[in-house]
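This report describes selected features of one protein model. Please consult the sequence and the structure shown below while reading.

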Amino acid sequence: MKKAFFIIFLLSVGLFLQAQTVSMTYYNNGQVKSSTYLNGENSERVTYFKNGKLKEIARFVNGKPHGLWLAYDKHETLVSQGNYINGKKSGNWLVYNEID
């Protein structure tokens, strides 16, 4: 399932990459901390753990969370997903727990 979300993410980023500005921040160890893609009023932020693994994918409109929000643990396992509309959580959010 993680692969399906990652493929969807890559496709959406590909569409989002047209006419935009990219801003990057880094940890002291040189790893990318976050990448923000700006396109007018829309932006998408991808954040990473210090080990370089994906942490979160979030979209914003006018600076407010808007759209799909994905969060991962330090092993890049999807731990939660949901949607925002105009800065407020919308609908059901899924939270994944590992059961041993």
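In which strand does Ser-35 lie?

## Basis of the report

This is a predicted model, in which local features need pLDDT of at least 70 and side-chain atom pairs count only at pLDDT 80 or more, while totals for chains, interfaces and linings use all residues. Residues are numbered from 1 along each chain as its sequence is written, and side-chain values use heavy atoms, with hydrogens and water left out.

Ser-35 belongs to strand 2, residues 32-39 (strands are DSSP runs of E of at least two residues, numbered from the N terminus). Ser-35 counts as buried because its relative accessibility is 3% (buried means under 20% relative accessible area, exposed over 50%, partly exposed in between, with a 1.4 Å probe and protein chains only).

Apart from neighbours within four places in sequence, the residues in contact with Ser-35 include Met-24, Glu-44 and Arg-45 (contact means heavy atoms within 4.5 Å).

## Salt bridges

The structure holds 2 salt bridges (a side-chain nitrogen of Lys or Arg within 4 Å of a carboxyl oxygen of Asp or Glu). One joins the side chains of Glu-44 and Arg-59, at 2.5 Å from N to O. This pair links distant parts of the chain, with Glu-44 in strand 3 (residues 42-48) and Arg-59 in strand 4 (residues 54-61), 15 residues apart. Glu-44 is buried, at 0% relative accessible area, whereas Arg-59 is partly exposed at 22% relative accessibility.

The side chains of Glu-56 and Arg-45 also form a salt bridge, at 3.5 Å from N to O. Glu-56 in strand 4 and Arg-45 in strand 3 are 11 residues apart.

Terms used. Helix = DSSP H or I, 4+ residues; strand = E, 2+ residues; numbered from the N terminus.
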